[in-house]
Amino acid sequence: MLLRARNEGAEIVDLFTSGGPCKMLKENGCFYDEDHRPSLGLAVKPTTPGGPCEKMYDQDFVFNQWIRYQSTLELLFKDFTGKEVKEYLFDIVPSKLDEFNLKRNKNESLTAMELVNYCEIIQTIANKYYYTPTEAKQILSNPFVKSW
C-alpha cells in the first residue's frame, strides 16, 4: 500500500481507483509546485480527467519504497475500512475480476482505467506480502484472468 492524492469523489481508501480528476489537478496544472509536490506526483504525467495518468515509475519499485510504512498504513486502513487489508483484498479482488469478466462476456472493452486496475490487481496478487502462492493460484483461476 501507499499514499497518493485522492481523485475527486473517491473513497478515502481507493486501492483500485476508478480514475477521475486528481483533487490537486486544477485549471493551470497541479496545485503544488514542483518543490512541494510529493515524489509520485512528479512521476505521473497528467492526462484528461478520468485518466489514467501515465505513470513514469515501476509499481514494484514504488511498493518497495513504501514497505517500511506498511504496518502504519495497515492500521490506518483498518481504522477507515473496519477490515484487515488481506480481508479487504479477498473481498474486492474477486469482485473486480468478476466485473471485468462480465464486461468481456458482453463483448465490451475495458476502459483504460480498468486496464490499469487489472494490471495493478495482478501485481497485487503476485506480491507475496499479501498472498501466499496457494492463494494467488486460487484467485488467478478466475475465468477472466485465465482467458487474458
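Student: How much accessible surface does the chain have, and what share of that surface belongs to carbon and sulfur atoms?

Tutor: About 9800 Å², with 54% belonging to carbon and sulfur atoms. Accessible areas here come from the Shrake-Rupley method with a 1.4 Å probe, and for residues only the protein chains shown count as cover. Before we go on, this is a predicted model, so to speak of local features we need pLDDT of at least 70, side-chain atom pairs count only at pLDDT 80 or more, and totals for chains, interfaces and linings use all residues. Residues are numbered from 1 along each chain as its sequence is written, and side-chain values use heavy atoms, with hydrogens and water left out.

Student: Okay, what share of the chain is buried?

Tutor: Buried means under 20% relative accessible area, exposed means over 50%, and partly exposed is in between (1.4 Å probe, protein chains only). In this chain of 148 residues, 29% are buried.

Student: How many helices and strands are there?

Tutor: Helices (H or I, at least four residues) and strands (E, at least two) are DSSP runs, numbered from the N terminus. This chain has 7 helices and 4 strands, and their order along the sequence is β-β-α-β-β-α-α-α-α-α-α.

Student: Now the charges. How many salt bridges does the structure hold?

Tutor: General idea: side chains of opposite charge can pair when their charged atoms come close. The cut-off used for a salt bridge is a side-chain nitrogen of Lys or Arg within 4 Å of a carboxyl oxygen of Asp or Glu. The structure holds 3 of them. Glu84 pairs with Lys78 at 2.9 Å, N to O; Glu84 is partly exposed at 40% relative accessible area, and Lys78 is partly exposed too, at 39%. Asp91 pairs with Lys83 at 2.4 Å, N to O, where Asp91 is partly exposed at 41% and Lys83 is partly exposed at 26%.

Student: And how far apart are the closest N and O atoms of Glu114 and Lys103?

Tutor: That salt bridge has them 2.9 Å apart. The pair links distant parts of the chain, 11 residues apart: Glu114 sits in helix H5 (residues 112-126) and Lys103 in helix H4 (residues 85-105). As for burial, both Glu114 and Lys103 are buried.

Student: Which residues form a nonpolar patch on the surface?

Tutor: Patches take residues with over 30% relative accessible area and no salt bridge, joining like charges within 9 Å and nonpolar side chains (Val, Leu, Ile, Met, Phe, Trp, Tyr) within 5 Å. Here Ile12, Leu76 and Phe80 form one, with about 280 Å² of accessible area together. Ile12 lies in the segment before strand E1 (25-26) and is partly exposed, at 46% relative accessibility.
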